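Work through the exercises below with the sequence and the model at hand. Each task is followed by a solution in steps.

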Amino acid sequence: MERVLEERFGQRKKLELEAFDFGRTRHEMLEEEGKVDNKVPEYFGVGEIPISHAEQGFAIEAFPGVIIHFTPDLLAASEFLIADYKMVREPKDGWDGKFPSLWSIYKDSIQLDFYAWLLTFKKIPIKEKLYMGEYWNRDRTEILHHDFVRKPVTIVDKGKARAWAIPRIERLMAGIQVYREAGYSEIK
Ligand SMILES: [Mn+2]
């Protein structure tokens, strides 16, 4: 069931990220750069972020019997901050020197609020989220632009993320129940 949940939650991310492998590799590179002095690369312009967790996986029993796996790009626990690298690819028609703000792209994303809520189970009280974006050209050969946005994560945001998760998990568990009643012992 853990695996099923993982896949379900992973699906949103897969849909969001068209070039999964590219993003993955770039994330790994950024993680390596971050390890050099435990700081975020300077070119993002975010100032000093004391990284406490880089790409650390968490498994949290968020509801009875429901374990959720997730891996934030980075945490700065001393600043109560969660951060996420984003790779934005140039659209077909190009940007023409006008880059959309990172916030305009991710303002409706629930991902970091949801992670922030999950981290309360680990006694890491997140109060802020930070998106750091690289804007790549269409061919993915160069970075044309950087942008970042830092926003508060309130108790209300975390509550909304929790509320967002509940019907999804219920639907999933109801689906699993149907399979069980039909006599399947395991879902493949
Ligand atoms: Mn990321």
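**Exercise 1: confidence**

Solution. Where pLDDT is low, the predicted coordinates should not be read in detail. For the protein chain, the mean pLDDT is 82, and 80% of residues reach 70 or more.

This is a predicted model, in which local features need pLDDT of at least 70 and side-chain atom pairs count only at pLDDT 80 or more, while totals for chains, interfaces and linings use all residues. Residues are numbered from 1 along each chain as its sequence is written.

**Exercise 2: elements**

Task: list the elements in order from the N terminus.

Solution. Helices (H or I, at least four residues) and strands (E, at least two) are DSSP runs, numbered from the N terminus. The protein chain has 5 helices and 7 strands. Their order is α-α-β-β-β-β-β-α-α-β-β-α.

**Exercise 3: the partners of E5**

Task: trace how E5 pairs with E4 and with E6.

Solution. Two strands pair if DSSP finds at least two bridges between them. E4 (residues 74-76) pairs with E5 (residues 81-89) in the antiparallel sense, over 3 bridges. Leu75 stands opposite Ile82 of E5. The hairpin of E4 and E5 has 4 residues between the strands, and Phe80 takes a positive phi near 55° there. With E6 (residues 128-136), E5 pairs in the parallel sense over 9 bridges. Here Ile82 stands opposite Lys129 in E6.

Definitions and conventions:
pLDDT is the predictor's confidence in each residue, from 0 to 100.
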